[in-house]
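These are my notebook entries on a single chain, written while I looked through the model.

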Amino acid sequence: MKSVGAARGYVDGAWWPRSTEPTTEFPELCSALAPWVGAVSRVSYHLGTWSVAARRVAVDGRVVRLEGFTTMDPHTVVVIGSDSRRVSLLVVPPDAPGDTGRAQLRSAAAFDSIASVEAIRQGNQRE
């Protein structure tokens with residue numbers, strides 16, 4: 001995640017899930033993002049990137065709505081929490097090579113990064 005006061009860009013940080021299974025990956029993501037968005041109420045994702053999932057999942061005793069769209073960038077997820085606070089994250093593919101994944105994580109979270117998702121994925125961190 002970008003630190004407080006960082007440049008606003010296309011994403012607020014990045015995430016490198018272990019799989020494309022929403023019911024496995026999204027609960028952990030929701031728990032991890034609670035300090036930034038509060039209790040998570042929704043996760044939006046690209047339908048073609050992730051496996052089929054139920055529309056709701058339990059996270060920390062709460063129900064989180066999973067919303068799949070074909071119109072979202074396939075390399076992002078949006079997590080919405082209490083009071084409509086939200087973060088947009090670049091998603092590093094689970095099978096990305098280690099050096100590529102780490103570079104994308106660093107670039108997306110860089111304090112001065114305003115790069116697009118595609119620029120970060122191509123290694124152009126500051127565009």
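**Pocket.** I looked up the lining of the largest pocket and found Met1, Lys2, Ser3, Val4, Gly5, Ala6, Ala7, Arg8, Gly9, Asp12, Trp36 and Val87. On a 1 Å grid over the protein atoms alone, a pocket is an open set of points where a 1.4 Å probe fits, with protein on both sides within 12 Å along at least five of seven lines, and lining residues have an atom within 4 Å of a point. About 190 Å³ of space lies in this largest pocket, a volume being the space filled by probe spheres set on the points, which are joined across faces, edges and corners. I divided its lining into six nonpolar, three polar and three charged residues, with Ala, Val, Leu, Ile, Met, Phe, Trp, Tyr, Cys and Pro as nonpolar, Asp, Glu, Lys and Arg as charged, and the others, Gly among them, as polar.

**Basis.** I note that this is a predicted model, in which local features need pLDDT of at least 70 and side-chain atom pairs count only at pLDDT 80 or more, while totals for chains, interfaces and linings use all residues. Residues are numbered from 1 along each chain as its sequence is written, and side-chain values use heavy atoms, with hydrogens and water left out.

**Asp12.** One of the lining residues, Asp12, sits in the segment before β1, where helices (H or I, at least four residues) and strands (E, at least two) are DSSP runs numbered from the N terminus. I count Asp12 as buried because its relative accessibility is 12%; buried means under 20% relative accessible area, exposed over 50%, and partly exposed in between, with a 1.4 Å probe and protein chains only. Not counting residues up to four places away in sequence, Asp12 touches Met1, Lys2, Arg86, Val87, Ser88, Leu89 and Ala108, contact being heavy atoms within 4.5 Å.

**Helix α2.** I checked the length of α2 (residues 98-109): at 1.5 Å a residue its 12 residues should span 16 Å, and its end C-alpha atoms are 17 Å apart, which agrees. The expected span is 1.5 Å times one less than the number of residues. I then listed the buried residues of α2, which are Gly101, Gln104, Ser107 and Ala108. Seen down the helix axis, the buried residues of α2 fall within an arc of 135°, so they line one face, the arc being that of the directions from the axis to the C-beta atoms. Their cover includes β1 (13-15), β6 (86-91) and α3 (117-121), whereas Asp99 and Arg106 are exposed on the other side of α2.

**Val92.** Val92 and Trp16 are 76 residues apart in sequence, yet their C-alpha atoms are 4.8 Å apart in space.

**Val40.** Val40 belongs to strand β2 (residues 40-46) and is buried, with a relative accessible area of 5%. Leaving aside neighbours within four places in sequence, I found Val40 in contact with Cys30, Arg62, Val64, Val79, Ile80 and Gly81. From Val40 to Arg62, 22 residues apart in sequence, I noted 8.4 Å, C-alpha to C-alpha.

Most residues other than glycine have a negative phi. In the loop between β5 (76-81) and β6 I found Asp83, which has a positive phi of about 55° although it is not a glycine. Ser84, also placed in the loop between β5 and β6, has a positive phi near 60°. Asp83 counts as exposed at 71% relative accessibility, and Ser84 counts as exposed at 56%.
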